[in-house]
Amino acid sequence: MEGNKLLAALCYFSVFFAPFLFPIIVYFVTKHERVKEHAKKSFLSHLIPLAIVVATGGLFMIFAIAGVDGWIGLPFIGLVIGGIVHVVVIVWNIIKGIQVLQQPGGMYE
């Protein structure tokens, strides 16, 4: 069914309009296993940049509490790396969404 294929592709394209909400809704609403698989993959890919920023923020807090002075630039480094990874994730999601749309329709029936 073309609707399932479009839904799977929209999970990847949702990085532009609802990166966390849309894949979760699709995962719990749809009954098609292939669409659920794409929803899960897209949700996890949307979490990667956030995880990097949270991890570097957490490391900064640990180092600040421990009194280590040399790590003052860690939040900035985390934001830069998180930003670069976010751009890579956006490009990857666009590529995956296009690949899903180009797959034969038999997989989504």
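Biologist: Leaving aside neighbours within four places in sequence, which residues is Ile94 in contact with?

Modeller: This is a predicted model. Ile94 lies in helix H4. Set aside its neighbours within four places in sequence, and the contacts of Ile94 are Phe13 and Phe16.

Biologist: How far apart are the C-alpha atoms of Ile94 and Phe13?

Modeller: Along the chain, Ile94 and Phe13 are 81 residues apart.

Biologist: Is Ile94 buried, exposed or partly exposed?

Modeller: Buried means under 20% relative accessible area, and exposed means over 50%. Ile94 has 30% relative accessibility, so Ile94 counts as partly exposed.

Biologist: Are H1 and H4 roughly parallel or roughly antiparallel to each other?

Modeller: H1 covers residues 2–13 and H4 covers residues 74–102. Their axes come within 8 Å and cross at roughly 175°. Angles over 145 degrees count as roughly antiparallel. H1 and H4 are therefore roughly antiparallel.

Biologist: How do the residues of the contact of H1 with H4 divide into nonpolar, polar and charged?

Modeller: On the H1 side, the residues include Leu6, Ala9 and Phe13. On the H4 side, they include Trp92, Ile94 and Leu101. The contact divides into ten nonpolar, two polar and two charged residues.

Biologist: Is H1 roughly parallel or roughly antiparallel to H3?

Modeller: H3 spans residues 33–66. The axes of H1 and H3 are 8 Å apart, at an angle of about 10°. Angles under 35 degrees count as roughly parallel. That makes the arrangement of H1 and H3 roughly parallel.

Biologist: How many residues in the contact of H1 with H3 are nonpolar, polar and charged?

Modeller: H1 brings Asn4, Leu7, Ala8, Cys11 and Tyr12. H3 brings Val35, His38, Ala39, Lys41, Ser42 and His46. The division is six nonpolar, four polar and one charged.

Biologist: Is Ala18 buried or exposed?

Modeller: Ala18 sits in the loop between H1 and helix H2 (21–29). The cut-off for buried is under 20% relative accessible area. Ala18 has 17%, so Ala18 is buried.

Biologist: How far apart in space are Ala18 and Val89, C-alpha to C-alpha?

Modeller: In sequence, Ala18 and Val89 are 71 residues apart. From C-alpha to C-alpha, the distance in space is 14 Å.

Biologist: How far apart are the C-alpha atoms of Pro75 and Thr56?

Modeller: Pro75 is in helix H4. At 26% relative accessibility, Pro75 counts as partly exposed. Pro75 and Thr56 are 19 residues apart along the chain, and their C-alpha atoms are separated by 6.1 Å.

Biologist: What pattern does the protein follow along the sequence?

Modeller: The secondary structure comes to four helices and zero strands. Read along the sequence, the pattern is α-α-α-α.

Biologist: What radius of gyration does the protein have?

Modeller: The C-alpha trace spans about 60 × 25 × 20 Å along its principal axes. A compact globule of 109 residues would have a radius of gyration near 13 Å. The protein has 18 Å.

Biologist: What percentage of the 109 residues in the protein do buried residues make up?

Modeller: The protein exposes about 6700 Å², with 77% of it supplied by carbon and sulfur atoms. Of the 109 residues, the buried share is 29%.

Biologist: Among contacts between residues at least 6 apart in sequence, what percentage join residues at least 24 apart?

Modeller: Start from the contacts between residues at least 6 apart in sequence. Those that join residues at least 24 apart make up 72%.

How values were computed:
Residues numbered from 1 in each chain as written. Predicted model: local features only at pLDDT ≥ 70, side-chain atom pairs only at ≥ 80, totals over all residues. Heavy atoms only, no water. Axes fitted to C-alpha atoms, helices over the stretch in contact; angles between N-to-C directions. Helix = DSSP H or I, 4+ residues; strand = E, 2+ residues; numbered from the N terminus. Parallel < 35°, antiparallel > 145°, perpendicular 65-115°, else oblique. Contact = heavy atoms within 4.5 Å. Nonpolar A, V, L, I, M, F, W, Y, C, P; charged D, E, K, R; others polar. Buried < 20%, exposed > 50% of the residue type's maximum accessible area, 1.4 Å probe, protein only. Rg over C-alpha atoms; globule rule 2.2 N^0.38 Å. Areas by Shrake-Rupley, 256 points an atom, 1.4 Å probe, with all protein chains shown as cover.
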